[in-house]
Amino acid sequence: MSRIAFIGLGNMGSPMAGNLIKAGHQVTGFDVSQDARENAAARGVQIADTVSAAAEGAEAIVTMLPNGKLVLDVWKELATSVPRGGLVIDSSTIDVESAQAAHVLMDGRLTLDAPVSGGTVGAEAGTLSFMLGGTEEAIEAATPILEPMAGRLVPCGIAGAGQAAKLCNNMLLGISMIGACEAFVLGEKLGLDAGALFNVLSTSSGQCWAVNTNCPVPGPVPTSPANRDYRPGFATALMLKDLRLAAQAAGAAGAEIPLGSNATRLYEAFEQAGHGGEDFSAIINYLRSAKA
Ligand code: NAD
């Protein structure tokens with residue numbers, strides 16, 4: 001059993017902390033939101049009054065926060081108290097530059113950027129995929145802490161590489177969802193039955209997660225958000241956040257991402273039309289109606 005500090009007990013952090021407790025760890029957490037603190041306390045998290053108080057005496061610290069600025073603020077506070085050799089893991093999805101800066105802030109400690117995919121369902125089930133950026137020593141130390149929350153741990157390279165991999169994956173996901181939606185809309189206009197088209201796409205070279213698992217039309221995949229009025233799932237606002245981070249990273253690295261840029265523009269328009277809370281596959285409704 002380890003004593004673990006968990007900072008950021010929101011939709012993802014609270015169930016992740018809950019899985020650490022189920023695995024026998026003792027978790028002390030902090031969140032600025034009263035609701036989040038109460039939800040986490042109901043899962044057995046001991047609530048501290050500050051970031052520093054949560055981290056006191058912890059063998060490992062996990063942060064799960066909305067953006068890079070907040071991660072850097074929290075890691076700056078932690079840097080004054082975490083001893084040399086201490087383990088600090090950030091699982092938020094943030095920009096690559098902030099992720100790299102966070103490692104530097106915590107020089108002399110074992111640090112990982114470890115963003116996740118799998119959403120709130122994976123967080124509850126303890127089946128998240130973690131993309132790891134950091135040293136082999138840090139990955140080895142973090143493995144027993146991450147395992148109760150994880151389906152897969154994927155080492156991606158040096159500091160910042162976990163975030164880089166996450167942004168590449170989610171940019172591809174945003175693009176492929178729009179591609180899947182366009183195929184179903186074109187099929188409709190050509191008089192194709194959606195089920196028949198699914199049978200072709202899902203078994204031919206068009207197959208992908210956006211078609212086979214998160215199918216944007218109701219019917220063919222009963223568990224996809226399309227069957228429950230597009231309740232997420234993975235919310236459009238979060239997809240847009242990740243596409244913007246990918247565009248920022250591409251700008252800094254000098255990479256051309258014409259489809260990524262177009263996907264960002266389409267999701268921006270969809271969010272501005274009031275659909276940020278819907279699953280990102282709901283963009284099919286926008287593509288059906290809009291002159292996108
Ligand atoms: P959330 O908004 O539900 O949770 C974030 C929590 O951080 C909130 O409870 C907030 O009060 C807290 N917080 C903000 N500032 C703080 C501070 N200074 N100190 C302590 N707590 C603070 O968001 P979420 O859905 O849990 O997502 C967390 C991270 O995981 C984000 O970076 C998100 O992009 C990423 N992510 C989310 C999903 C998903 O499906 N929700 C999937 C993969 C990755």
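Reader: Where is Leu-190 found?
Author: Leu-190 sits in the loop between helix H8 (161-189) and helix H9 (194-201). Helices (H or I, at least four residues) and strands (E, at least two) are DSSP runs, numbered from the N terminus. A word on the source: this is a predicted model, in which local features need pLDDT of at least 70, side-chain atom pairs count only at pLDDT 80 or more, and totals for chains, interfaces and linings use all residues. Residues are numbered from 1 along each chain as its sequence is written, and side-chain values use heavy atoms, with hydrogens and water left out.

Reader: Why does Leu-190 count as exposed?
Author: Buried means under 20% relative accessible area, exposed over 50%, and partly exposed in between (1.4 Å probe, protein chains only). Leu-190 has 62% relative accessibility, so it counts as exposed.

Reader: And why does Thr-63 count as buried?
Author: Thr-63 has 0% relative accessibility, so it counts as buried. This residue lies in strand S4 (residues 60-63).

Reader: What makes a polar contact between the side chains of Thr-63 and Asp-90?
Author: A polar contact is a pair of N or O atoms within 3.5 Å; within protein, one must be able to donate a hydrogen and the other to accept it, and residues adjacent in sequence count only if both atoms are side-chain atoms. The side chains of Thr-63 and Asp-90 are joined by such a contact of 2.7 Å. The side chain of Thr-63 also makes a polar contact with the side chain of Trp-75, at 3.1 Å.

Reader: Why does Leu-146 count as buried?
Author: With 0% relative accessibility, Leu-146 counts as buried. Leu-146 has its place in helix H7 (residues 136-146).

Reader: How many of the residues in the protein are buried?
Author: Buried residues make up 49% of the 292 residues.

Reader: How many helices and strands are there in the protein?
Author: The protein has 13 helices and nine strands.

Reader: Why is the protein as compact as a globular protein of that length?
Author: The radius of gyration is taken over C-alpha atoms, and the globule rule is 2.2 Å times the number of residues to the power 0.38. For 292 residues that rule gives 19 Å, and the protein's radius of gyration is 20 Å, close to that value, so the protein is as compact as a globular protein of that length. Along its principal axes, the C-alpha trace spans about 65 × 45 × 35 Å.
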